[in-house]
Amino acid sequence: MTVVDYSISAESAPRSADANLMPPLPPQPKSLRETGLERPLVVELIAKLMFVSGRTHLSALTTRLRLSLNVLREVLDFMLTEQMAEVAWRGESEIDVQYQLTAAGKQRASAFLERCAYIGAAPVTLEAYRAMVARQSWLAQEQRVSSDDLAAVLSRTHAAPGMLDVVGAALHSGRSLLLYGPPGSGKSTLALQLGQLLQGLVAVPYAIVVGQDIIQLYDPTQHLPPAPQHVSHARQALERRSTDIRWVLCQRPVIHVGAELDAGMLELRHDASGGCYQAPPHVRANNGMLIIDDLGCQRLGAPELLTRLLTRGSDQLGLPGGVQISVPFDNALVLATNVAPGELFDPTLLRRIVYKVQVGPLAESAYCALFRQQCRQVGMVINEAALNHLLQLHGAQGRPLLASYPQELLARIGDFAGFAGCEARLTVATLEQAWSSLFASCDIPAASLCERIA
């Protein structure tokens with residue numbers, strides 16, 4: 001059985017020699033044709049923005065719509081000709097100009113907003129997004145996880161022989177990985193730590209367009225800005241050439257979902273207030289990692305879920321009117337479950353999950369090392385007598401040495417001390433109090449909070 005200590009420090013982030021590899025950012029479109037967008041769509045985006053903003057400077061249109069000055073002026077010239085818009089003010093520079101809608105333009109913009117309330121960055125085409133995901137998938141092969149990267153993040157891991165080799169092989173290949181074991185063994189923590197091993201950056205579009213429907217892909221809560229070691233490289237890549245600002249450079253995404261996942265979350269969700277569709281989590285995880293936690297607790301059956309998610313390459317999503325679109329689906333899949341794999345899947349489906357790792361209780365030495373490390377993290381002086389007593393409590397009650405217990409026990413000691421207005425200290429008494437509150441033991445003599453802490 002595998003035993004793991006999941007501690008990690010801020011200093012243990014991987015440092016890859018390939019950290020400066022940037023995704024192939026598209027060049028800035030110099031004309032409307034080069035954007036791949038139809039003129040009516042861009043007219044609509046400009047009109048809606050000017051309708052809610054009133055008189056609008058050309059630079060503000062560029063910032064909000066993420067389109068170049070050349071593209072905007074091309075479309076604005078058309079709107080001027082069609083008497084939808086007019087120049088409200090002009091400065092000395094040809095780009096120092098403000099536009100406003102005419103009465104006819106306001107009427108058109110109002111109709112646009114009734115149909116679709118989306119006001120934001122201009123989308124890219126689905127074809128452009130497919131091509132970018134494919135290129136970045138190839139680039140990820142040049143940024144494969146090495147044994148040094150794994151050691152940097154999981155340097156304090158105490159694992160059974162071969163466990164890190166299995167995890168490393170799964171990450172190196174980008175193929176599916178199943179972590180299974182009892183609750184509290186640290187599977188979720190391990191899965192999230194594995195996400196830290198993803199190297200390099202990816203380009204994510206703000207949105208994509210399919211027909212007249214806009215699908216929002218970029219989510220700032222999930223597509224994080226470049227990490228400190230990548231910031232300078234990202235800045236140089238953007239300054240080196242003029243790029244299409246409809247794309248955002250981000251860390252490779254790590255999307256984590258748990259028991260709340262249902263069939264509806266795997267489909268496009270219409271955002272009535274935003275006027276667009278929201279991409280599902282497995283699509284937002286493209287070129288990154290998708291973590292499915294608490295597998296077997298979802299309202300969607302595990303076989304049905306896995307049958308869909310184990311099909312890499314593309315996924316089918318539905319739009320109104322029965323329209324089906326094929327979107328790219330390419331990410332590393334990490335599964336975590338408290339249920340025995342044989343109870344969740346039949347042998348055929350289980351074989352399709354490429355790598356499996358059992359995550360179980362820690363060895364006694366690893367558990368003690370983890371407890372001491374957690375004490376240092378919270379600034380609590382280690383008491384070896386209390387730690388030995390903890391091991392006795394585990395033995396007496398037959399409770400396994402799970403990785404989640406040290407942090408939970410120390411947090412409870414801090415909670416009791418804070419409530420009592422006393423300094424948090426690790427003693428046999430405070431440890432027994434925390435243990436009792438965690439496991440509902442009733443055999444510890446009653447005493448006041450301050451007596452226990454003292």
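Leaving aside its neighbours within four places in sequence, Ile46 is in contact with Leu61, Leu65, Leu72, Val75, Leu76 and Met79, where contact means heavy atoms within 4.5 Å. The model that shows these contacts is predicted, so that local features need pLDDT of at least 70 and side-chain atom pairs count only at pLDDT 80 or more, whereas totals for chains, interfaces and linings use all residues. Residues are numbered from 1 along each chain as its sequence is written, and side-chain values use heavy atoms, with hydrogens and water left out.

Ile46 belongs, together with Leu61, Leu76 and Met79, to the residues with the most contacts inside the largest nonpolar core, which has 34 residues. A nonpolar core is here a set of buried Ala, Val, Leu, Ile, Met, Phe, Trp, Tyr and Cys residues joined through side-chain atoms within 4.5 Å; buried means under 20% relative accessible area, exposed over 50%, and partly exposed in between, with a 1.4 Å probe and protein chains only. Two or more residues of this core are given by each of helix H2 (39-53), helix H3 (58-65), helix H4 (69-81), strand S4 (97-101), helix H5 (103-115) and strand S8 (207-210), and the largest share, eight residues, comes from H2. Helices (H or I, at least four residues) and strands (E, at least two) are DSSP runs, numbered from the N terminus. Apart from this core lies another, of 25 residues, among them Cys368, Leu387, Leu402 and Leu409.

Not counting residues up to four places away in sequence, Leu65 touches Leu45, Ile46, Leu49, Leu72, Gly120, Ala121 and Ala122. With Ala121, 56 residues apart from Leu65 in sequence, the C-alpha to C-alpha separation in space is 4.1 Å. Another pair that is separated along the chain is formed by Gly54 and Lys106, which are 52 residues apart and have their C-alpha atoms separated by 9.9 Å. Gly54 itself is found in the loop between H2 and strand S2 (56-57), and it counts as partly exposed because its relative accessibility is 30%.

For the protein chain as a whole, 19 helices and 18 strands are found, and of its 454 residues 49% count as buried. Among contacts between residues at least 6 apart in sequence, 76% join residues at least 24 apart.

Strands of a sheet pair through backbone hydrogen bonds, either parallel or antiparallel. An open sheet of five strands has the order S5-S8-S9-S13-S12, with mixed pairing, where two strands pair if DSSP finds at least two bridges between them. The edge strands, each of which pairs on one side only, are strand S5 (124-125) and strand S12 (269-271). S5 and S8 run parallel and are joined by two bridges, and Val124 stands opposite Ile208 in S8.

Three aromatic pairs are held by the structure; rings of Phe, Tyr and Trp (its six-membered ring) pair if their centres lie within 6.5 Å, and planes under 30 degrees apart count as stacked, over 60 as edge-to-face and the rest as tilted. The pair of Tyr206 and Tyr218 is edge-to-face, because the ring centres are 5.2 Å apart and the planes are at 70 degrees. Tyr206 lies in the loop between strand S7 (201-205) and S8, and Tyr218, twelve residues apart from it, in the loop between strand S9 (213-216) and helix H10 (228-240). Tyr218 counts as buried because its relative accessibility is 18%. Elsewhere, ring pairs link Tyr405, Trp435 and Phe439 into a cluster.

A polar contact is a pair of N or O atoms within 3.5 Å; within protein, one must be able to donate a hydrogen and the other to accept it, and residues adjacent in sequence count only if both atoms are side-chain atoms. The side chain of Ser185 reaches the backbone oxygen of Pro182 at 2.8 Å and the backbone oxygen of Val359 at 3.3 Å. Ser185 lies in the loop between strand S6 (177-180) and helix H9 (187-195) and, at 0% relative accessibility, counts as buried.

Finally, Asn287 has a positive phi of about 65 degrees although it is not a glycine; Asn287 lies in the loop between helix H11 (281-284) and strand S14 (289-292) and is buried, with a relative accessible area of 6%.
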